[in-house]
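This short report walks through one protein chain. It starts with a pair of residues and then widens to the whole fold.

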Amino acid sequence: MDNGSANVATIEVCRLVAAQQAKWRRGSARLRLSGHSHGRYSGSAWYADHHFAELEARCVAHVNVDSVGAINAELLSEGGSAGGLFDLAAAAILPKAARRFSGTQGAFGG
């Protein structure tokens, strides 16, 4: 579930972003890296090390997707969110869950 659901969610977000990109004033780059839990695939650390100047100058957001659902999963209002993305998470969850997001601000786990 962990990697599978995150992979599917990431691909869907990329599809939706690409469909709207013509309306943006900025470009976008989507980078798919596996392995936060298992250091064998530490591509994100390598990429950040080798492209730090560009990331520092141009990166607006980094989004980590992890374990985004399971069969019969119904609890959408709890979890963790990066501090700067908490309001975005709350705005996205409210119409779907009909509940306010009560997750942990500044954390990545729930």
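## A buried pair

Phe 86 and Phe 101 are both buried. Buried means under 20% relative accessible area, exposed means over 50%, and partly exposed lies in between (1.4 Å probe, protein chains only).

This is a predicted model: local features need pLDDT of at least 70, side-chain atom pairs count only at pLDDT 80 or more, and totals for chains, interfaces and linings use all residues. Residues are numbered from 1 along each chain as its sequence is written, and side-chain values use heavy atoms, with hydrogens and water left out.

One aromatic pair turns up in a search of the whole structure. The ring centres of Phe 86 and Phe 101 are 5.0 Å apart and the planes meet at 40°, so the pair is tilted. Phe 86 sits in helix H4 (residues 86–97). Phe 101 lies in the loop between H4 and strand S2 (104–105), 15 residues apart from Phe 86. Rings of Phe, Tyr and Trp (its six-membered ring) pair if their centres lie within 6.5 Å; planes under 30 degrees apart are stacked, over 60 edge-to-face, and the rest tilted.

## The chain as a whole

The chain has four helices and two strands. Their order along the sequence is α-α-α-β-α-β. Helices (H or I, at least four residues) and strands (E, at least two) are DSSP runs, numbered from the N terminus.

The chain has 110 residues, and 13% of them count as buried. It exposes about 8,800 Å², with carbon and sulfur atoms supplying 56% of that area. Accessible areas come from the Shrake-Rupley method with a 1.4 Å probe; for residues, only the protein chains shown count as cover.

## Salt bridges

How many salt bridges does the structure hold? There are two. A salt bridge is a side-chain nitrogen of Lys or Arg within 4 Å of a carboxyl oxygen of Asp or Glu.

| Salt bridge | N to O distance |
|---|---|
| Glu 12 and Arg 15 | 2.7 Å |
| Arg 58 and Glu 54 | 3.4 Å |

Glu 12 and Arg 15 are three residues apart in helix H1 (residues 2–20), so about one helical turn separates them. Glu 12 is partly exposed, at 33% relative accessibility.

Arg 58 and Glu 54 are four residues apart in helix H3 (residues 52–58), again separated by about one helical turn. Arg 58 is exposed at 60% relative accessibility, while Glu 54 is partly exposed at 40%.

## Cysteines

The structure holds zero disulfides (pairs of cysteine sulfur atoms within 2.5 Å). Cys 14 is partly exposed at 25% relative accessibility. Cys 59 is partly exposed at 42%.
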